[in-house]
Amino acid sequence: MELVKLSSVTKSFGAVRAVDALDLSLGQGEILGFLGTNGAGKTTTIKMLLGLIAPDAGGVAVFGADPRRASTRRRIGFMPETAHYYPFLTARELLRFYGGLCGMDAAGIASRAGELLEKVGLAEAGGRQLKTYSKGMLQRAGIAQALLHDPDLLILDEPFTGLDPLARIQFRDLLLELRAAGKTVFFSSHELSEAELICDRVAILKAGRCVYEGSVRQIAGDGGGNLERIFLDVLGRPDAARKEVRS
Ligand SMILES: Nc1ncnc2c1ncn2[C@@H]1O[C@H](COP(=O)(O)OP(=O)(O)OP(=O)(O)O)[C@@H](O)[C@H]1O
Ligand SMILES: [Mg+2]
């Protein structure tokens, strides 16, 4: 079953067409890397998947339904590109707050929060206010928040940004563990090497249009090609073009 389906989705902001006739689907248990340059339309697409903004045209279905439905949203975990958490809360209080919003009971929140803080490496810092956290620590808190209610679908906007190498490895393992448990992951990223390591499929967006979509296994076997080369090929190689002009 397709968990996520975008059919010819278009969204403009004034004269800017942020997303342009985009078709994309994601099956249960898949990890999809959503790639593209700055301003390509990744966050706009994610906002439509979450039902935060409506497309001008086309259809968005998540779990076969309108993403604005509460029953659909309950099954989604979301981590924004930039999180603005209450700075005076500790990570543990943040999880208590979000758990309450999700309708979880206090005992369930406490045990899940403990488990997740441990998983994201914040077990010791969990009692400190978020205003004292580094960028990567806030990112780790965001990951715990997105996973708190054990969602079936994770939508993550640039989750690797700001993580140190160890945290990246841990987070990569966590995503693979979630996939093994049957969860589905949709994440945007600028980290091509991470995408190549963990994704089943990647989609590359350029000016709101999908210019490449393929399975990572295909890419690996594609004449020794890799994701970075494909990315450069489909988005143009400004350096190479300049060299050609000079010679
Ligand atoms: N609320 C808005 N009002 C006006 N223009 C917007 C708005 N949101 C996005 N845009 C424009 O839509 C385009 C796509 O933006 P979007 O944030 O989706 O890109 P992105 O792929 O997430 O980029 P990045 O990698 O930098 O996060 C950009 O040209 C952006 O300026
Ligand atoms: Mg973005």
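Mentor: Start with the term: two strands pair if DSSP finds at least two bridges between them. Strands are DSSP runs of E with at least two residues, helices are runs of H or I with at least four, and both are numbered from the N terminus. This is a predicted model, where local features need pLDDT of at least 70, side-chain atom pairs count only at pLDDT 80 or more, and totals for chains, interfaces and linings use all residues. Residues are numbered from 1 along each chain as its sequence is written, while chains are lettered from A and ligands numbered from 1 in the order in which they are written.

Now the pair. Strands β8 (residues 201-206) and β9 (residues 209-215) run antiparallel, joined by six bridges. Lys206 has its bridge partner in β9, Arg209.

Most residues other than glycine have a negative phi. Two more exceptions are worth a look. Ala21 has a positive phi of about 50° and sits in strand β2. Phe63 has a positive phi near 55° and lies in the loop between β4 (57-62) and α2 (70-73). Phe63 is buried (20 or more such atoms), with 22 within 10 Å.

β2 (16-27) and α1 (42-49) each supply at least two residues of the shell around ligand 1. A residue counts as near if its C-beta atom, placed from the backbone, lies within 6 Å. α1 gives the largest share, three residues. The shell includes Phe13, Val16, Lys42 and Glu81. By class, it has four nonpolar, six polar and two charged residues. Here Ala, Val, Leu, Ile, Met, Phe, Trp, Tyr, Cys and Pro are nonpolar, Asp, Glu, Lys and Arg are charged, and the others, Gly among them, are polar.

Last, the overall layout. The domain assignment, an automatic or database one, gives domain 1 (2-75 + 152-246) and domain 2 (83-150). Their centres, taken over C-alpha atoms, are 25 Å apart. Their contact (C-beta atoms, placed from the backbone, within 7 Å) takes 11 residues from domain 1 and eight from domain 2.

Definitions and conventions:
Two residues are in contact if their C-beta atoms, placed from the backbone, lie within 7 Å. A residue is buried if 20 or more other C-beta atoms lie within 10 Å of its own, exposed if 12 or fewer, and partly exposed in between; C-beta atoms are placed from the backbone.
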